[in-house]
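Here are my notes on the model, point by point. Please read them with the structure open.

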Amino acid sequence: MGRLVDGKWQTEAQFAGDDGSFNRQETTFRNWVTPDGAPGPSGEGGFPAASGRYHLYVSYACPWAHRTLIFRRLKGLEDHIGVSVVHPDMLDEGWELRTDFPGATGDRLYGLETLKELYLKTDPDISTKVTVPVLWDTERETIVSNESAEIIRMMNSAWDGITGNTDDYWPEAMRDEIAPVNDRIYDTVNNGVYKAGFATKQSAYDTAVGALFDSLDWLEDRLSTHRYLMGDRITEADWRLLTTLLRFDAVYHGHFKCNRNKLIEFPNLWGYTRELYQHPGVAETVHMDHIVRHYHYSHPSVNPNRIIPIGPEIDFDAPHDRARLKAA
Ligand SMILES: N[C@@H](CCC(=O)N[C@@H](CS)C(=O)NCC(=O)O)C(=O)O
């Protein structure tokens with residue numbers, strides 16, 4: 001764990017601030033790929049959609065990176081955007097592009113050994129966290145974006161003219177309704193599990209874990225009448241939630257102490273998770289071996305002896321009964 005400061009790598013011992021609470025850093029690169037290269041909502045222009053020009057650096061373990069892999073698959077972008085997969089162990093050098101773990105591809109573009117070298121390629125004096133996912137432009141040799149919420153919105157539509165895939169997970173007419181649902185889920189669930197897991201004071205843990213399970217209770221109730229978060233149509237809100245739910249019982253319940261309940265104890269959330277997992281193409285984006293290894297091996301303040309637990313076995317392929325809510 002570390003960060004680049006003026007181009008120099010500095011390691012950090014712990015994840016929480018003085019009040020014992022975990023604060024996720026602001027994202028550094030916020031440009032957008034657009035159909036014609038016009039600027040997006042933030043950053044600068046000059047990143048037109050193209051086949052083969054952009055490359056994703058991901059970790060299979062990371063829930064934020066996982067969103068981008070799901071969108072790449074759902075939007076038919078696999079032949080147009082290449083991927084390099086980091087090693088699951090995130091140690092003193094940060095994310096590494098080693099290949100000694102099944103599925104870790106190494107750097108398919110430049111043969112770099114660590115992800116921080118890619119960030120340094122954009123600017124040798126950069127100050128930034130070194131996070132995945134990264135959407136890289138092979139032409140300008142710079143990072144377009146390292147903000148997953150924005151990368152999935154680019155993927156949702158920017159390449160449609162190239163792929164012919166117009167499936168829309170962020171429909172214009174629903175954006176105002178989706179925003180508050182995303183906000184609550186981001187703060188208390190996606191990031192909430194990290195706030196609970198990295199807390200170094202009881203009060204910070206209590207606050208985070210309380211808000212997390214309040215939100216899971218709210219979601220359980222909502223999904224008793226809604227097949228998907230926004231009703232009868234799958235939206236980005238569902239894919240954003242899914243990547244946390246898939247990791248819940250294997251890592252957040254134990255490693256991050258989110259153990260008031262397991263996911264499998266919430267009938268609607270669990271059925272919903274299975275349905276989305278079984279959606280064509282999604283299962284292939286899920287790599288439990290990277291997930292279990294990464295979390296238990298990479299957080300010395302949480303699991304200093306790096307013992308990898310035995311279970312649990314989770315049957316995401318078990319039948320679900322979500323179709324009963326079709327007309328909700
Ligand atoms: N806002 C970013 C967050 C990404 C993020 O925090 N990724 C984690 C992995 S799950 C990471 O790379 N952490 C490395 C670090 O913090 O040094 C996004 O959603 O894309």
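Where is the place of lysine 257? Lysine 257 sits in the loop between α8 and α9.

Two remarks on the basis come before the points. The model is predicted, so local features need pLDDT of at least 70 and side-chain atom pairs count only at pLDDT 80 or more, while totals for chains, interfaces and linings use all residues. Residues are numbered from 1 along each chain as its sequence is written.

1. Lysine 257 and its backbone. Phi of lysine 257 is near 60 degrees, a positive value in a residue other than glycine. Lysine 257 has 16 other C-beta atoms within 10 Å and is therefore partly exposed. Burial is scored by counting other C-beta atoms, placed from the backbone, within 10 Å of a residue's own: 20 or more is buried, 12 or fewer is exposed, and in between is partly exposed.

2. Arginine 306. This residue also calls for a look at phi. Arginine 306 is not a glycine, yet its phi is positive, about 55 degrees. It lies in the segment after α10. Arginine 306 counts as exposed because it has 12 C-beta neighbours inside 10 Å.

3. Cis peptide bonds. Valine 132 and proline 133 are joined by a cis peptide bond, with omega about 0 degrees. Proline 133 is in the loop between β5 (128–129) and β6 (134–137). The peptide bond from glycine 311 to proline 312 is cis too, with omega near -5 degrees. Proline 312 is in the segment after α10 (288–298).

4. The ligand shell. Which residues come nearest to the ligand? Of the 14 residues around the ligand, they are Cys62, Trp64, Thr131, Val132 and Ser148. A residue is near a molecule if its C-beta atom, placed from the backbone, lies within 6 Å of it. The shell divides into 7 nonpolar, 5 polar and 2 charged residues. Here Ala, Val, Leu, Ile, Met, Phe, Trp, Tyr, Cys and Pro count as nonpolar, Asp, Glu, Lys and Arg as charged, and the others, Gly among them, as polar.

5. Helices α1 and α3. The axes of α1 (residues 63–74) and α3 (residues 148–157) come within 9 Å and cross at roughly 5 degrees. Axes are lines fitted to C-alpha atoms, for helices over the stretch in contact, and angles run from 0 to 180 degrees between N-to-C directions. The two helices, α1 and α3, are therefore roughly parallel to each other. Angles under 35 degrees count as roughly parallel, over 145 as roughly antiparallel, 65 to 115 as roughly perpendicular and the rest as oblique. On the α1 side, Trp64, Ala65, Arg67, Thr68, Phe71 and Arg72 meet Ser148, Ile151, Ile152, Met155 and Asn156 of α3. A contact means C-beta atoms, placed from the backbone, within 7 Å. By class, this contact has 6 nonpolar, 3 polar and 2 charged residues.

6. Helices α5 and α8. Helix α5 (residues 175–190) packs against α8 (residues 236–252) at about 10 degrees, with the axes 10 Å apart. So α5 and α8 are roughly parallel to each other. From α5 the contact takes Ile178, Val181, Asn182, Ile185, Val189 and Asn190; from α8 it takes Glu236, Ala237, Arg240, Leu241 and Thr244. These residues divide into 6 nonpolar, 3 polar and 2 charged. Alanine 179 also lies in α5. It is exposed because 11 other C-beta atoms lie within 10 Å.

7. Helix α9. The 12 residues of α9 (residues 267–278) reach 16 Å from first C-alpha to last, close to the 16 Å expected at 1.5 Å a residue. The expected span is 1.5 Å times one less than the number of residues. Leu269, Trp270, Tyr272, Thr273, Arg274, Glu275 and Leu276 are buried in α9. The buried residues of α9 pack against α7 (202–222) and α8.

8. Histidine 320. This residue is in the segment after α10. Leaving aside neighbours within four places in sequence, histidine 320 is in contact with Gly271, Arg274 and Glu275. Histidine 320 and glutamine 278 are 42 residues apart in sequence and 9.4 Å apart in space, C-alpha to C-alpha.

Definitions and conventions:
Helices (H or I, at least four residues) and strands (E, at least two) are DSSP runs, numbered from the N terminus. Two residues are in contact if their C-beta atoms, placed from the backbone, lie within 7 Å.
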